[in-house]
Amino acid sequence: MQIDGLEGWAKDYIKPMVIAGPCSVESEEQFRKSVKPILEKSDIIRGGIWKPRTRPGSFEGVGEEGLKWVNAAKDEFGFKFTTEVATPEHIELALKHKVDVLWIGARTTVNPFNVSELATALQGVDIPLLVKNPVHPELSLWKGALERFYKAGITKLGAIHRGFHTYDKNKYRNPPFWQIPLDLKSEFPDLPLICDPSHIGGSNQLIADISQKAMDLNYDGLMIETHYNPKVALSDAAQQVDSYQLLDILSDLNLRDERFTDLNHLSQLELIRQQIDQADRELLEAIAIRMSLVEKIGEYKKENNVAIFQVGRWKEIFKSRPEWAKKMNLDPDFTVEVLRLLHQQSVKKQTEVFNKVEAKTDLNE
Ligand code: PEP
Ligand code: MN
């Protein structure tokens, strides 16, 4: 994909590009009060016009009327505006009212039928489009949606990371699973990556830390829900920050350099990388040794007609190794994950040994 960078359509921004504004446009007054104090620090103002609510009966957005309020404020203050579109009708109305940037919500990205329909509606339209990750942690759906829009001719594309739903109790509303957006970025290095700490955190107490983490990982921008008085917000009240909090969060961000520029740092980095390379080599050698022992034990079990899996041994491994790991300052949960993978591979190897047909030696047979 040949994606236009943010410079192509968000010209004057200084990293991070900031998208801020209320979860929903609720009234003309609420929108103006929420937006005015943050204009200077925001590159784009957000505001939901049509709200995809999980359960019926909650506030579902003000619809087209809200776009008129937005345009009145735009005429007075001058800013770019973005909103979520989920149906071809939303797209039509958003274009009619000159919305500057569109975004696709998590509940839409998850559905390829829906995405296709929207891509068709956007065919030939030159507008920046940001695609949120799908609700559940599946990278291919996120990529699929981006590819569908790209094929429809949208090149001003970006991705918004808003976290993923899990059923587990968690400190996050939608745990970030950082590896997924980083995998996306490795595949499409030109794709701007924007973090939405509001929907990841679900609480305004978590916004600063998540935003900092995104900066540490070299994200291009942040989308932060901001309301003049979050307590009275009609949607996502717990996660919205007020204007002062937004300004504090932004000014406290520690922005990292993209790469090392100082030569001393660079050689130090090289040195550590060489040590990491060596450690990886030793790690793989240790795994190779373990696998050859697994093969040996597989042969032995087969000769003696003993089953591959013995629950007692499995339990013993899962008890002792995390204890060893703890003494080595390793996270026991991480250790259990590694052991699970090793065990899976070990069972696979032994099954191969069990199923191996002995080579025939008698050529006449
Ligand atoms: C939103 O940004 O207000 C929203 C509904 O987001 P998501 O699609 O991430 O749930
Ligand atoms: Mn919201």
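Student: What makes R46 a polar contact of ligand 1?

Tutor: This is a predicted model, and in it a polar side-chain atom of R46 lies 2.8 Å from an oxygen atom of ligand 1. A polar contact needs N or O atoms within 3.5 Å, so the R46 pair counts.

Student: How do you know that H199 and E225 make polar contacts with ligand 1 too?

Tutor: Use the cut-off again. For H199, the distance from a polar side-chain atom to an oxygen of the ligand is 3.3 Å, and for E225 it is 3.2 Å. Both values are within 3.5 Å, so both pairs pass.

Student: How much of ligand 1 does the protein cover?

Tutor: On its own, ligand 1 has 300 Å² of accessible area, and the protein covers 97% of that. Its shell has 13 residues, with R46, A106, R107, K132 and R162 the closest.

Student: What makes a residue of that shell charged, and how many are there?

Tutor: Asp, Glu, Lys and Arg count as charged, so K132 and R162, for example, belong to that class. The shell divides into seven charged, four nonpolar and two polar residues.

Student: Why is one space called a cavity and another a pocket?

Tutor: It comes down to the way out: a 1.4 Å probe fits in a cavity but cannot get out, whereas a pocket is open. The whole structure has one cavity of 30 Å³ or more.

Student: Which residues line the largest cavity?

Tutor: R290, W314, I317, F318, L339, L342 and H343 do. By class, the lining has five nonpolar, one polar and one charged residues. Arg counts as charged, so R290 is the charged one.

Student: And the largest pocket, what is its volume and what lines it?

Tutor: The volume is about 530 Å³. Of its 14 lining residues, R321, T335, V338, L339 and L342 lie nearest the centre. α11 (263-303), α12 and α13 each supply at least two residues, and α13 has the largest share with five. The lining's classes are eleven nonpolar, one polar and two charged.

Student: How is the second largest pocket lined?

Tutor: This pocket holds about 350 Å³ of space. Its lining has 16 residues, and I297, R313, I317, S346 and Q350 are the closest to its centre. Again α11, α12 and α13 give two or more residues each, but here the largest share, five residues, comes from α11. The classes come out as eight nonpolar, four polar and four charged.

Student: Now the backbone. What makes the bond from K15 to P16 cis?

Tutor: Look at omega: for this peptide bond the angle is near 0°, and the bond is cis. P16 sits in the segment before β1 (17-21).

Student: What is the phi of K98, and where is K98 found?

Tutor: K98 has a positive phi of about 60°, although it is not a glycine. You'll find K98 in the loop between α3 (88-96) and β4 (101-104).

Notes. Residues numbered from 1 in each chain as written. Chains lettered and ligands numbered in written order. Predicted model: local features only at pLDDT ≥ 70, side-chain atom pairs only at ≥ 80, totals over all residues. Heavy atoms only, no water. 1 Å grid on protein atoms, 1.4 Å probe; cavity = no way out; pocket = protein on both sides within 12 Å on 5 of 7 lines; lining within 4 Å. Points joined across faces, edges and corners; volume = space filled by probe spheres on them. Near = heavy atom within 4 Å. Polar contact = N/O pair within 3.5 Å; in protein donor to acceptor, adjacent residues only side chain to side chain. Areas by Shrake-Rupley, 256 points an atom, 1.4 Å probe, with all protein chains shown as cover. Helix = DSSP H or I, 4+ residues; strand = E, 2+ residues; numbered from the N terminus.
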